[in-house]
Structure formats: C-alpha cells, structure tokens
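Visitor: I am new here and would like a short tour. Could you take me through what we are looking at?

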Amino acid sequence: MLRLLRSPLGAVAFVPLYALWVTLLLPGVWASMLAGALYGPWWVSLVVLVGASLGAEAAFLLGRGWLREWARRRLASAPKLQAIERAVSREGLRLVLLTRLSPAFPFSLLNLAYGLSDVSLRDYSIGLIGIVPGTVLFCSLGGLAGDVARFGELLSGRADATTWALRLVGVAATAGAGAGGGPGQKAPHRRG
C-alpha cells in the first residue's frame with residue numbers, strides 16, 4: 001500500500017484527497033507534512049498547492065452559498081476571524097494575500113470567513129498565491145521528517161549521490177548563514 005501511495009499515481013490521487021481534507025476544514029499543515037514525508041519536499045509542493053487551492057476554493061464557495069448560515073454561527077465564536085472577514089470586505093486582495101502569508105490564521109476556517117466576506121472570487125483566487133511559502137515550508141518539514149525516518153540509510157551509505165549532494169549543500173548553507181550572523185546584523189569589522 002505504501003509503495004502505491006509513494007508512486008506518481010499516488011501523488012495524483014493525493015490532490016483530490018488534499019482538496020477534500022481542506023474542504024472538510026481539517027488542518028492542512030498535517031496533510032502537507034505527510035505529503036512531504038511521502039514524496040519529498042520539492043515537486044510535491046506543487047501537488048499540495050493544487051490540492052489546497054481546490055479545497056480552499058470549494059470551502060470559499062460553500063461559505064458563499066450552501067453553508068453560509070452554518071459558517072456565520074461557527075465564526076461567531078471566533079472574534080479574530082470575524083474581524084478579518086470585515087476587513088477583507090473592505091481591503092479585498094491585499095488583505096487576503098497578507099493573511100495567507102501569515103501562519104497565525106487557520107487556513108481552513110479562513111476559507112469560510114472569506115466566503116462570508118464581500119471579497120470577489122477573483123481577488124480571493126489571486127490571493128491564494130500567498131500560501132506558496134507555507135506550502136513549501138510544511139512540505140519541506142515533512143520531507144525532513146521522512147529523511148529522519150530514513151537516517152539509518154544515510155549513515156550506512158545507501159543513499160544516492162543526489163541525496164548526499166543536497167545534504168552537503170544544506171550543511172554548507174547552514175554553516176554560511178551561521179558564520180555571517182543573523183539577518184540585519186553586520187559582520188564584525190576586521191582590521192587588515
């Protein structure tokens with residue numbers, strides 16, 4: 001079963017499953033991390049992005065129509081989401097994009113809140129571009145978890161050359177970032 005799930009066909013099947021997951025208002029973070037663990041972080045980010053976008057669009061449209069009253073009652077217990085819904089009605093695309101970039105807002109419930117707002121479907125859809133950084137991050141974290149699970153292979157030397165090269169680049173980037181100081185910090189001045 002795991003072999004089938006890890007196949008290209010499994011990745012294609014993951015798209016509608018992810019969309020259903022998001023439509024059911026379940027947290028997408030876990031599904032993104034699972035995808036990263038199963039398929040690796042790179043191309044699966046696109047798979048997850050498509051599934052998340054389809055599910056987000058479905059939840060948005062359900063919030064606009066069939067589930068509107070249920071969603072209003074659900075959001076009544078979430079003042080932060082109500083405030084976002086009102087602000088999105090005024091600000092449209094800009095606020096959709098900004099809230100999508102922040103991990104502080106629950107992705108699935110936010111889709112319903114947007115459906116209740118006056119934001120256009122066009123602006124809402126364009127604003128989904130803001131989920132790209134989080135998608136890549138959570139797929140990468142899942143990929144890292146998958147690598148940790150296969151750490152014995154790496155230590156025994158059974159990993160392929162590409163895997164080793166990526167790890168060495170990661171170590172070099174980490175060392176370079178550590179040597180250069182944090183963002184916004186100046187390197188110490190050295191006298192020659």
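Visitor: How close do the axes of helix α2 and α4 come, and at what angle do they cross?

Guide: Welcome! This is a predicted model, where local features need pLDDT of at least 70, side-chain atom pairs count only at pLDDT 80 or more, and totals for chains, interfaces and linings use all residues. Residues are numbered from 1 along each chain as its sequence is written, and side-chain values use heavy atoms, leaving out hydrogens and water. Helices are DSSP runs (H or I, at least four residues) numbered from the N terminus, and axes are lines fitted to C-alpha atoms over the stretch in contact, with angles from 0 to 180 degrees between N-to-C directions. For helix α2 (residues 8-23) and α4, the axes come within 7 Å and cross at roughly 35°.

Visitor: How many residues of the contact of α2 with α4 are nonpolar, polar and charged?

Guide: Contact means heavy atoms within 4.5 Å. Among the residues that meet are Phe14 and Tyr18 in α2 and Trp43 and Leu54 in α4. Ala, Val, Leu, Ile, Met, Phe, Trp, Tyr, Cys and Pro count as nonpolar, Asp, Glu, Lys and Arg as charged, and the others, Gly among them, as polar. The contact therefore divides into 15 nonpolar, 3 polar and no charged.

Visitor: At what angle do helix α5 and α8 pack?

Guide: The contact includes Trp70 and Arg72 of α5, along with Leu109 and Leu112 of α8. By class, this contact has 7 nonpolar, 1 polar and 3 charged residues. The axes of α5 (residues 68-76) and α8 lie 10 Å apart, and the packing angle is about 120°.

Notes. Helices (H or I, at least four residues) and strands (E, at least two) are DSSP runs, numbered from the N terminus.
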